[in-house]
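Student: Could you walk me through reading this model one feature at a time? I would like to start with strand pairing.

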Amino acid sequence: MKKIVIAIDGYSSCGKSTTAKLVAAELGYAYIDTGAMYRAVTLYFLNHHVSLTNPKEVRDALDKIDIAFHYNPKSKRNEVFLNGLNVEDEIRKMYISNQVSEVSVVKEVRRAMVAQQQKMGRKRGVVMDGRDIGTAVFPDAEVKVFMTADVDTRAKRRQDELLAKKQLINLGEIRENLLKRDLIDSTRQESPLRRAEDAFLLDTSHMTIDEQVEFVLNKVTSRIFNSEYSLQE
């Protein structure tokens, strides 16, 4: 069966990553969490006091960053390694969430990560989730989905995720963080968050994860079937 690229874009805490992971597992595809890559860069920049307004300093720092994904059989998930160190838990903390949009808006960062992501997906058979997969990273992706949800639903989901990791954060603070990230992501000059013209819109405000996965898999099945059928004609 022909392998394709599946691009899942959208706002934070809409269920993108969970849906993408499950779709990838169902299809036997690789899953790439592009948001985690920007979080890893943010962690490095914070730890090394990199000035976001100094292009040379940013470029020099990017040259020293190696990001890799390794499967953990215990957690049954791909975990993020930054220069050989497992940073999966650290990059999910709130202080990274508060800074990641400001880091990812930097032109040099964006271009470096997009180049890495395109290399990872060159052989197809991948599911990528992020902000600009269907518009900048893989505009030729065979299936594109743009996910959204109302901000209060997203804030509660994010709070539940943090609580599961023993991080107690006020719901209002989370909501404010989401709105701030929405604004930065959608108004940046380099690869802004927007729905591709050919992306399916998926509002997850009142949907379960299973329903979200089913929606994407239906689009994938239809795309592959139609593609293979047309080749046979």
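Student: Which residue in β4 does N72 stand opposite?

Tutor: N72 stands opposite R77 in β4. Before we go on, residues are numbered from 1 along each chain as its sequence is written, and this is a predicted model. Local features need pLDDT of at least 70 and side-chain atom pairs count only at pLDDT 80 or more, while totals for chains, interfaces and linings use all residues; side-chain values use heavy atoms, with hydrogens and water left out.

Student: How many bridges pair β3 with β4, and in which sense?

Tutor: The general idea is that strands of a sheet pair through backbone hydrogen bonds, either parallel or antiparallel. Two strands count as paired if DSSP finds at least two bridges between them. The elements are DSSP runs numbered from the N terminus: helices are H or I over at least four residues, strands are E over at least two. Here, β3 (residues 67–72) and β4 (residues 77–82) are antiparallel, with six bridges. Four residues separate the two strands of this hairpin, and K76 in the turn has a positive phi of about 60°.

Student: In what order do the strands of that sheet lie?

Tutor: It is an open sheet of three strands, β3-β4-β5, with antiparallel pairing. β3 and β5 are at the edges with a single partner strand each, so one side of each has no neighbour in the sheet. Two bridges hold β4 and β5 together in the antiparallel sense, and L82 has L85 as its bridge partner in β5.

Student: What is the strand order of the five-stranded sheet?

Tutor: This open sheet runs β2-β6-β1-β7-β8, with parallel pairing. Its edge strands, β2 (30–33) and β8 (200–203), each pair on one side only. Neighbouring strands are turned by 20° against each other on average, direction ignored. Such angles are taken between lines fitted to C-alpha atoms, for helices over the stretch in contact, and run from 0 to 180 degrees between N-to-C directions.

Student: Which helices pack on this sheet?

Tutor: Start with the strands they meet: β2 and β6 (residues 126–130) run parallel, joined by four bridges, and I32 is partnered with M128 in β6. Helix α1 (residues 16–27) touches β1 (5–10), β2, β6 and β7 (143–148), where contact means heavy atoms within 4.5 Å. The direction of α1 makes about 180° with that of β6. Helix α2 (residues 34–47) touches β2 and β6, and its direction makes about 40° with that of β2.

Student: How many residues of β1 are buried?

Tutor: In a regular strand the side chains alternate between the two faces of the sheet. For β1, six of the six residues are buried, so the strand is largely enclosed by the rest of the structure. V5, A7 and D9 lie on one side and I6, I8 and G10 on the other, and both faces are covered. β1 pairs with β6 in the parallel sense over five bridges, including the one from D9 to G130. Five bridges also join β1 to β7 in parallel, with G10 partnered to M147.

Student: What about I4: which residues does I4 touch?

Tutor: I4 lies in the segment before β1 and counts as buried, at 2% relative accessibility. Leaving out residues up to four places away in sequence, I4 touches Y29, R124, G125, V126, E142, V143, V220 and I224.

Student: Last one: what volume does the largest pocket have?

Tutor: Rolling a probe the size of a water molecule over the atoms shows where empty space is left. On a 1 Å grid over the protein atoms alone, a pocket is an open set of points where a 1.4 Å probe fits, with protein on both sides within 12 Å along at least five of seven lines; lining residues have an atom within 4 Å of a point. Grid points are joined across faces, edges and corners, and the volume is the space filled by probe spheres set on the points. The largest pocket has about 870 Å³. It is lined by 38 residues, and S17, D33, R92, R158 and E161 are the closest to its centre. α2 gives the most to this lining, five residues. By class, the lining holds nine nonpolar (Ala, Val, Leu, Ile, Met, Phe, Trp, Tyr, Cys, Pro), 17 charged (Asp, Glu, Lys, Arg) and twelve polar residues (the others, Gly among them).

Technical notes
Buried means under 20% relative accessible area, exposed over 50%, partly exposed in between (1.4 Å probe, protein chains only).
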